Structure formats: C-alpha cells, structure tokens
Amino acid sequence: MSVPWARVRAMRLLHTSDWHLGRSLHRADLRAAQSAFLDHLVDVARAEKVDAVLVAGDVYDRAVPPVDAVELCEDALLRLHDTGARIVLISGNHDSARRLGFGSGLLEKTGVHVRTRPAALARPVVLEDDHGPLAVYGVPYLEPDAVRGELPPGQDEIPRGHTGVLGHAVGCIRADADARGIRRRVVMAHGWVSGGAASESERDISVGGVGQVPAELFASFGYVALGHLHGQQTIAPQIRYSGSPLPYSFSEASHRKGSWLVDLDGEGTARVEQVPAPVYRRLSVLRGRLADLLGSAAYGQCEDDFVSVTLTDPSRPEGAMDALRARFPHVLVLAFEPEGVLPDQRGYRARTAGRDDLSIAAEFVMHVSNAAPTAAEKHLLASAFAAVRTEEAAG
C-alpha cells in the first residue's frame, strides 16, 4: 500500500578534486592546510550521509609524490571509507596513473574504486538505492597521443586530440550503460571543458594549441564531476568543476573554494549544493608604495594572510622584504613596478643589440634603482670591465 507522503531518499554524492597533495605555495608549506581540508571532507561525508565520494583527479601534485603526501592520502581514504561511503577516484594529469592505480583490484573489494586505466573507463561502479541502479563511470586524464592504443574499442577510428579521445570515451560509456539498461548515469573526467575559466596554477594540457573539449560531449548524463580547473564553477547545471580545495596561486585569491553535494533522484536529475571549504589562510594581493603598505591601517586585515606585494615606489627601496615581513609575516612574493614607468616589451637580444657593455650595465642599474648611475658608479663599472678584459687577454 503506497503512502502519498512517503519520500524515497535520493542518491547522495560528494564531488571533490585537485587535492594536489604535496604542493606548496611559493615554498610555503601547505601540509597542515591540506590535512585540515581532508578532515573537513570526512566530516561532511559523515554528517551528510554521503553514498559516494567522487575524487576527479590530481590527487597528488606530481607523479612521484613525497612520502608524507602518500600517508595523508591513505589516511583520508581510510577515514572516508569508515563513514560508510563508497569512493571513486580517477587519476589526473599531475598523477602517475600506474602508481596511483597500484592495488586497485584489492581496493575495489573494500569499496574504494580507483580508475586509472583507459581500457577500463567503460566499466562502471554501480551503486544501488530504492530507485534502482546508478552507474558512475571514471574517465582518467587521457593524454591524446599516449592513450589511443589503450582505449576500449569502438566502431569508428578515434580522431586525434582531446576532443577525439574524450568523445570516444563518452561514446563507449553510453554504449555500456545502454547495454546494462541503466538510466541514471554519472561521469567523472579530468580535463578542460569549454566555458571553464582557468587560473595560473593548472598545468597546460593543450596539444597543438588546443586543450578544450566541448561541453556538448556530456549531454544527457545526470551529473558530470570534472577536475583540472582550480576554480569551483558550473559549466551547465549538471556539469561542474569542484575546483581545488586550496588556492595554489595568487590568481585564485578571490576564489570560493569547496566541493559539491549532489543529490540524484529516481529520474537521474541532480540537485546540487555548494559546500564551502575551510579557509586555512587567505590570499591578498597588495600594490603601492612601501611606506603606505607599512603604515596604513587599511592593510591591517591582511597581516595574517599569504601576501603578494608589488611596490610602486619611484626607486627600489632597500631592505623592502625584511620591512614587509615585519608587518606581513607571510609575504611570499615581491615585485617592483615603479609608477609612471612602462615596461620594455622587447626581448633581451633586441634591447642589447649594437650597445656596449657599459651602457647595458648602466641600464641594469637604472632598472634596479630607477635612477641613472652616478659618475662614480659609471667609473666603477668601467674599471670592472677593463679589469675583466685585461684578465681575458692575459689568459
């Protein structure tokens, strides 16, 4: 007997990506920040009774990650597993697919599904709820020329480039889901989908200048969990990047980091909610004269931030970094762009063509101090060049 007000719970997924474990920010250690995010992720999975955690690639920052990054990942996966959630994880362009995929057959038996082999991308993780089966397909990062021979066979020849290999992969996935008779379908992929905004911290994956693939490839899927771009963003209501959990460049200073909580109903329609990530330390980009940055109360709120500074003083202040660190202990970047001076866009060879050593050295002094060298400085430079020439002639 049916009860009109009875409600069947939707399948609940937690979409995250681009952990980049082992990465630093301009040599600032981020291990504590990454650990805090993973603590948060475990808390969300437990509190929200998540059915599956989707990790869409770039688990590590490099192919051979440091030992402490591997230990951090292992601990996070164990604790996520203990929440009762299944875990589906794919390799990204920063990961070594072979290393990350080691032991995947054994992990599969525990509910941790690691998808790193192109040949297995059309083999889904099938989840069950009261609405029936839901198929989650994990597409690892596909380097076009490297994986063409490893992809599942299809009816047509695989076109070259990112769009060709990913389009072939999606076609294989659709064929498999059709053969299984599964209506509710989720795809995980690691790449650059048109409409997504990049930042400075992603590694370039373009081939022949082309790295983007059209969003239309993913039409008709209930949800598409993307990785690679570090800004959390929505390409279409059901196609989303979770973004990186931490900012990995100052171009991400304005990003709102987090993950996506996805509920899929009986028809496979997704309802998505943003889950903000904890902020370990904010990023601030400051520009101005040194005295203003050190003395103005307006910058007081930035004193505990990671800071990038561009000084605009007419001449380069001495000891600027030490002075800045006294107020901003976590300053990481210092640049100098004096007011009213336009940068020379010419290359080094063009700037030095037909000029003698002394004039080039004098220009360097001008660049550093924003003031022409004095007569005494020019004499010192001329004497140094003369000594070098004498030594070369004697040798």
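A: **A loop and its surroundings**

His20 sits in the loop between strand S1 (11-16) and strand S2 (24-25). Helices (H or I, at least four residues) and strands (E, at least two) are DSSP runs, numbered from the N terminus. The model is predicted, so to speak of local features pLDDT must be at least 70, and side-chain atom pairs count only at pLDDT 80 or more, while totals for chains, interfaces and linings use all residues. Residues are numbered from 1 along each chain as its sequence is written, and side-chain values use heavy atoms, with hydrogens and water left out.

Start with the backbone. Phi of His20 is near 50°, a positive value in a residue other than glycine. Most residues other than glycine have a negative phi. His20 is also buried, at a relative accessible area of 0%. Buried means under 20% relative accessible area, exposed over 50%, and partly exposed in between (1.4 Å probe, protein chains only).

His26 lies in the loop between S2 and strand S3 (28-29). His26 has a positive phi too, about 50°, although it is not a glycine. Its cover is another matter: at 46% relative accessibility, His26 counts as partly exposed.

Asp61 touches His20, Leu21, Gly22 and Arg23, along with His94 and Arg203, not counting residues up to four places away in sequence. Contact means heavy atoms within 4.5 Å. Asp61 belongs to the loop between strand S4 (52-56) and helix H2 (67-82). Asp61 is buried, with a relative accessible area of 15%. Asp61 and Ser24 are 37 residues apart in sequence, and their C-alpha atoms are 9.3 Å apart.

Go back to strand S1. Met11 is in this strand. Met11 is buried, with a relative accessible area of 2%. Its contacts beyond four places in sequence include Asp51, Leu127, Arg184, Val262, Asp263 and Leu264. Met11 and Gly149 are 138 residues apart along the chain, and 35 Å separates their C-alpha atoms.

Strand S15 (residues 258-264) and strand S16 (residues 270-276) run antiparallel, joined by seven bridges. Two strands pair if DSSP finds at least two bridges between them. Gly258 stands opposite Pro276 in S16. Five residues lie between the two strands of this hairpin, where Gly268 takes a positive phi near 85°.

One more loop deserves a stop. Ser91 is found between strand S5 (86-90) and helix H3 (97-100). Ser91 is buried, with a relative accessible area of 2%. Among the residues that Ser91 touches, leaving out those up to four places away in sequence, are Gly57, Asp58, Arg115, Tyr141 and His190.

Finally, step back. The chain has eleven helices and 19 strands. Its radius of gyration is 27 Å, well over the 21 Å that the globule rule gives for 395 residues, so the chain is more spread out than a compact globule. The radius is taken over C-alpha atoms, and the rule is 2.2 Å times the number of residues to the power 0.38. Along its principal axes the C-alpha trace spans about 100 × 55 × 35 Å. Buried residues make up 47% of the 395 residues. Of the contacts with a separation of 6 or more, 68% join residues 24 or more positions apart.
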